[in-house]
Amino acid sequence: MVEKRRHVPQRSCIICKKKTAKHKLLRLALDEKGRVVLDKEYKQPGRGAYLCPDDSCVAKLLTRHGEKRLRWAFKGKAKDITPKTIDEILAILKGATRKHE
Ligand SMILES: [Zn+2]
């Protein structure tokens, strides 16, 4: 496909700060209880936090440092990441459930 000079929305990974096209990053959002969930469709309302689908960024997200980053990204509203979210992220890393259209 020929690259057109159209503006692609860019977002920064909350861990490594690298800017990448939005749809190449994982989007994290908050559910109604303030838990961090994976927004696979990029449709959840409200603030989002973006993360590289990359082993090192995901590993860092699951540390205390990553926790702080999430709180910062969601202006202190994030509670914690649900185990389901972590599973989903890890599954995407393995390419198991990747749907990318
Ligand atoms: Zn990253």
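**First stop: a loop residue**

Select K17, which is exposed because 8 other C-beta atoms lie within 10 Å; a residue is buried with 20 or more other C-beta atoms within 10 Å of its own, exposed with 12 or fewer, and partly exposed in between, the C-beta atoms being placed from the backbone. The model is a predicted one, in which local features need pLDDT of at least 70, side-chain atom pairs count only at pLDDT 80 or more, and totals for chains, interfaces and linings use all residues. Numbering starts from 1 along each chain as its sequence is written.

K17 sits in the loop between β1 (10–12) and β2 (19–21). Strands (E, at least two residues) and helices (H or I, at least four) are DSSP runs, numbered from the N terminus. The phi angle of K17 is near 70°, a positive value in a residue other than glycine.

**Second stop: the sheet**

Next, select β3, β4 and β5. These three strands form an open, antiparallel sheet in the order β4-β3-β5; two strands pair if DSSP finds at least two bridges between them. At the edges are β4 (36–38) and β5 (49–51), each pairing on one side only. Strand β3 (residues 26–30) pairs with β5 over three bridges in the antiparallel sense. Within this pairing, display L26, whose bridge partner in β5 is L51.

Finally, select Y42, located in the loop between β4 and β5. Its phi is near 55°, again positive in a residue other than glycine. Y42 counts as partly exposed, with 13 C-beta neighbours inside 10 Å.
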